Each structure stands twice: as structure tokens, then as C-alpha cells.
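Morning, everyone. Please bring up the model on your screens.

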Amino acid sequence: MRKIVIISIILLLIVSCNQTREEIIIDTLDNELKQRGLEIDSHFGLSLTIAPIKNKKEALTISAYSFLEVENKDSLNQKIFKEAERLENWFKLPEWTEANQSIFPFLNAVTTLRDSSILRHPLNEVYEYSFHHQNYNNHKRTNISKRELEIWHVKISDILDSAFDNLEREINYKVYMDTLENRSIYKFKPYNEGYHTSLLFTNKFKKDLSSKLNYPFYSVLQPWIYPTFIFDNNDLLFFKEYLRKKNMNETKIEPYEIAIIKYTENNIEIITLEK
């Protein structure tokens, strides 16, 4: 029995001695990560893909080639330890009391090509919201899924309330007068264009424009095209025809077909371009 134990130890020492520097770095870092709920999911040389053990979809690729420059074993272990801590902080979500201040909605066209785990909220049959958390400490953006709801112990209604409160409070935009084919109109452009379409459906936007235009007034829903046209009821027929021609001539905008948003005192709705 004693012989077997000695042989096993010798074999382990031989395997350890035969490990390359890259293998030692990968094994040591992987051990540190697993203590923190993370692991090296795959690697090509020292290009490593790190992911939470319970959520492989949320992965991050890093380069560990700089570790080869550290010759001292204690210094190498210390560098690996610090990197594991950094990665733990990267993947860690803040507590809900902090996180709810930096959740935002993002309006998308409904599509069958989507991740079913991502949290979504329908606007209508054509458009839906997804949500993300923006971590200002490490500049990490996290798409909110059922996993985040479980970690924070919150409901989708909590996400909705925080997202739209933050959007109206944090995201600034400008509205200015312009002309289109000799017609006076307003144009709208946010300073952060990623929230362009989401802002069009906020009460803040409606209230700001109601000081310039009488109800009902309208804006053009055309994702990723800036700035947005805003016009009053007298120009509705003109814009319907103008936009119908645009839809026919600019197939490049698909799947985001141009539409019109109507604002009334009690409602915000998408209307069609039919005659």
C-alpha cells in the first residue's frame, strides 16, 4: 500500500514537472476562478474565455500572455490572484438598491432570431423592449434575463419602473425647428442615440413637445435614422405620402419599417400609413 502511495506521488510530481508554463498559468487561474463561481470555459493558447459556471452565455475573452513575463513563482501566483479578483468583480452584479439606478430600456423590432432567456416586454405586435444594466464602475453592460431577476429577487414590473424612470431622468436630447419641402417641422435627436426610439414613447418627450405643438401631433418612428421628424396634425397627410414613398424606395431600413407615432393627451400609439 505504501509503495502505491509513493508511486502516485512520484507520478504527480513527474506530471507537474512536465507541465508547460502556459498549462501552469491556465490551471492556477482556473482554480482561483472556480473558488469565485467562474471558470476557463475554453482557450486557445493563453487567449482565455472566462464564464460563470452557471451561465456560460455571459462570457469574456482575455489575454494572459503577459503572465509569461513573470518568472518568479510567488509573483506569478500574486498576479493570477489579482486577475481572478478583477474577473470576479467584472461578472458580479451590484445589489438591487444600486443597480436599479442604471437600468435602461431598448426598443427593438420583434424577431424570431432572439435569445429566449433575455427579458422582453411588448410594445405592440411589431416592437418590444429589452433591458440592460449599465455598470458605471467597470463599464460593463449586462442584458437583463431571468437570471438577473432571480439574483435581485425582483419582478419584471420593478425592471420596467426603474428602466423608464432612469430613461426620463438620465437621457438628454434636443428638439429644434427645421423645414422639409417648405414645411416648418421640429426635429428630435438624443445625445445617446441608442435610446432614440425608446425616448419617443416617454411621457417626458410628449410633455416637452406639447409645449410646442397642439394635440394631436406626430413623430416618425424610424430606428437608427436621425434626427426624427415631428409635425402637427395639418401635415399628417403629407407625411403619410412622404413616408409611404420612403418605405417603397428604401428597403435597406428593413426590418424597421417606417411608421408614425401619434400623441394625444391620454395616449401614445403607432398608426399605419394607409390612406
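First, a term. Buried means under 20% relative accessible area, exposed means over 50%, and partly exposed lies in between. Keep in mind that this is a predicted model.

Now, glutamate 148. Its relative accessibility is 2%, so glutamate 148 counts as buried. What does its side chain meet? The side chain of glutamate 148 meets that of arginine 147 in a salt bridge, at 2.6 Å from N to O. Arginine 147 has a relative accessible area of 24%, so that residue is partly exposed.

Why can such pairs form? Side chains of opposite charge can pair when their charged atoms come close.

How many salt bridges does the structure hold? Nine. Let's visit two others.

Go to arginine 36. Arginine 36 pairs with glutamate 32 in a salt bridge, and their closest N and O atoms are 2.9 Å apart. Are these two buried or exposed? Arginine 36 has 18% relative accessibility, under the 20% cut-off, so arginine 36 counts as buried. Glutamate 32 is also at 18%, so glutamate 32 counts as buried too.

Next, arginine 120. Arginine 120 makes a salt bridge with glutamate 128. Here the closest N and O atoms are 3.4 Å apart. Arginine 120 is partly exposed, at 23% relative accessibility. Glutamate 128 sits at 6%, so glutamate 128 counts as buried.

Back to the pair of arginine 147 and glutamate 148: their salt bridge spans 2.6 Å, N to O. Elsewhere, salt bridges with shared partners link Glu32, Arg36 and Glu88 into one network. Find those three on your screens, please. Thanks.

Note on methods: Residues are numbered from 1 along each chain as its sequence is written. This is a predicted model: local features need pLDDT of at least 70, side-chain atom pairs count only at pLDDT 80 or more; totals for chains, interfaces and linings use all residues. Side-chain values use heavy atoms; hydrogens and water are left out. A salt bridge is a side-chain nitrogen of Lys or Arg within 4 Å of a carboxyl oxygen of Asp or Glu. Buried means under 20% relative accessible area, exposed over 50%, partly exposed in between (1.4 Å probe, protein chains only).
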